[in-house]
Amino acid sequence: MKANGKDAPSPDAPFALVERGGRGLTLHALNDAARSLGLHRGQSHADACAIAPHLASAPAEVERDLETLRRLALWAERFSPAVGVDTTLPAQEGLLLDMTGAAHLFGGEADLLKDLRRRLARAAIPARAAIADTPAGAWALARFSHDPETIAPPGHLREAIAGLPMEGLRLEPEALVLLKRFGLKQIGDLYGLPRAGLARRFRGVAGLRVVERLDQALGVADEPLDPVRPAPLYRAGIVFAEPVTHVEGVSWRLPALARALSQQLERDGRGVRRLALVGFRVDGRTTAIQASLSAPAAAPDHMLRLLREKGLEHLDLGFGIDALMLCARQAEPMSARQGEMAPEMGGEPQVAQPQALAALIDRLEARLGEGSVRRPQARESWIPERSEAWVQAAPEAPSQPPAGDDRPRPILLFDPPEPVETLAELPDGAPMRFTWRRAPRRVVKSQGPERLSHEWWRSAPGLANRPSRTRDYYRVEDDQGRRYWLFREGLYGREDADHRPSWWLHGVFA
């Protein structure tokens, strides 16, 4: 064990982590040797040193401790899909797991607690655990029960916590002092007191807090669990008898997980949109790879291809994983699709085109990165460079230009348009000669103009950061048969010294 780069004292020597607050240095965390001397969390460091002059200390890293606790919460998802970090001040040292209807998967509540503490001990994390009807009740039993593993029988939580100290209600120090001043030392001492009188006796917020905490512990008031991340809608998992240290072991069991997850999705008529493969390491950490799908899918083969395209070798197995979970972080309803029959009678049905396109997009994004596959999307604008945009690819057919718009447009558009020098008849004549990219071109045929007014409701500037102006477009052909799409921005007779009409090349016809 090290503290700030130096060797920490042995477990038999009193040791504490300290933090600086409004009252100066206070104790943030203590080992068993320091607690045996009567020291406690929140105590002034000066008072603690007066009681135990040989107390060793080091600065606490609160944010780093919280981040470690969050990582441990992700690891605990192997037991429950809903795991929250205990943010009760000043402790912030525990996890809350919603095990409703899940304890039987681990052999019962007693075996669950033993397995949980055994795995944490293997990672050098000492822990106490309890199961109760309410989060507050489990919190109190885990910290103040005599046994490191405590189970309150269903419906008997009131009796189970009656003999625990008032600290088990997660009250502020001021409220605890008032309670002890009135001779109320155990949680059970509050049972016989009327609620209204209890709130009046302690006055203000402190009295209401005592009543609220007691109601939460007994289940009279609800206390929602705030998980570190939303619980997956569907998941399938497996526990290994021995830690798996090679990716080949993961790949071997992955098809069974994909089939199990697919059955859950098909049962509800849903498809996965965000897939995650999570490995639970023996050192209390997790490793995962994720894949996004462009359309809901439930086919196990498609899931397997995506995860393998992502690369199972990216899983950091560390010293091994003892559990593996495949989960759907996001799922959506699947619409029924009719497969296309083969040309010959009795042929095998073929995959519908949208599904095949979705599978192709998913595989490309798994290999190239999420959001790397895009397609053009038509937009409502008559300004050519604003009439389409690149969006993330989807299996649905892209929107088409408005019906009846059959005006010829070049296949290749320059964005932004490129400036050209022209020789044209004023005020509205087509160009007779123009120079583009330092090469002169003589015009032999022309057609136009096609006038496009500027979109006055848009605040975006026009070309060369100048105000948007009316455009006159011309289709021209040079003496070598090449066709171009040129336009004049601005009108002669309406120009000023700063904004004279200018010529631009917007595209090239095939």
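Rings of Phe, Tyr and Trp (its six-membered ring) pair if their centres lie within 6.5 Å; planes under 30 degrees apart count as stacked, over 60 as edge-to-face and the rest as tilted. By that criterion, a search of the whole structure finds nine aromatic pairs.

## Basis of the model

This is a predicted model, in which local features need pLDDT of at least 70 and side-chain atom pairs count only at pLDDT 80 or more, while totals for chains, interfaces and linings use all residues. Residues are numbered from 1 along each chain as its sequence is written, and side-chain values use heavy atoms, with hydrogens and water left out.

## Overall composition

The protein chain holds twelve helices and 22 strands. These elements are DSSP runs numbered from the N terminus, helices being H or I with at least four residues and strands E with at least two.

Of the 510 residues in the protein chain, 40% are buried. Buried means under 20% relative accessible area, exposed means over 50%, and partly exposed lies in between (1.4 Å probe, protein chains only). Among contacts in the protein chain with a separation of 6 or more, residues 24 or more positions apart account for 55%; contact means heavy atoms within 4.5 Å.

## Aromatic pairs

The rings of W75 and F79 have centres 5.8 Å apart and planes at 70 degrees, so this pair is edge-to-face. Both W75 and F79 are buried. A tilted pair is formed by W139 and F144, at 6.4 Å centre to centre and 50 degrees between the planes. W139 is buried, with a relative accessible area of 8%, whereas F144 counts as partly exposed at 29% relative accessibility.

Ring pairs also link F414, F434, W436 and Y484 into a cluster.

Helix α5 (residues 135-144) is mostly covered, with seven of its ten residues buried. The buried residues of α5 are A136, G137, A138, W139, A140, L141 and A142.

Strand β9 (residues 149-151) contains T150. T150 is buried, with a relative accessible area of 13%. Apart from neighbours within four places in sequence, T150 is in contact with L113, A129, A130, I131, L141 and S145. One of these, L141, is among the buried residues of α5.

## Packing of α10 and α11

Helix α10 (residues 247-267) packs with helix α11 (residues 300-310) at an angle of about 135 degrees, their axes 8 Å apart. That angle makes α10 oblique to α11. Axes are lines fitted to C-alpha atoms, for helices over the stretch in contact, and angles run from 0 to 180 degrees between N-to-C directions. Angles under 35 degrees count as roughly parallel, over 145 as roughly antiparallel, 65 to 115 as roughly perpendicular and the rest as oblique. The crossing of α10 and α11 is right-handed, a crossing being left-handed if the near helix is turned anticlockwise from the far one by less than a right angle, and right-handed if clockwise.

On α10, the contact is made by S251, L254, P255, A258, R259, L261, S262 and L265, and on α11 by P300, M303, L304, L307 and R308. By class, the contact of α10 with α11 has nine nonpolar, two polar and two charged residues. Ala, Val, Leu, Ile, Met, Phe, Trp, Tyr, Cys and Pro count as nonpolar, Asp, Glu, Lys and Arg as charged, and the others, Gly among them, as polar.

## H302 in α11

Helix α11 also includes H302, which counts as buried at 6% relative accessibility. With neighbours within four places in sequence left aside, H302 is in contact with L293, A297, A359 and D362. H302 and D362 are 60 residues apart in sequence and 9.0 Å apart in space, C-alpha to C-alpha.

## Backbone features

Two cis peptide bonds are described here. The bond from L426 to P427 is cis, with omega near 5 degrees, and P427 lies in the loop between β17 (421-424) and β18 (431-436). The bond from G448 to P449 is cis, with omega near 10 degrees, and P449 is in strand β19 (residues 439-452).

A124 is not a glycine but has a positive phi of about 65 degrees. A124 is in the loop between α4 (109-122) and β8 (129-131) and counts as exposed at 68% relative accessibility. R437, also not a glycine, has a positive phi of about 55 degrees. R437 is found in the loop between β18 and β19, and at 54% relative accessibility R437 counts as exposed.
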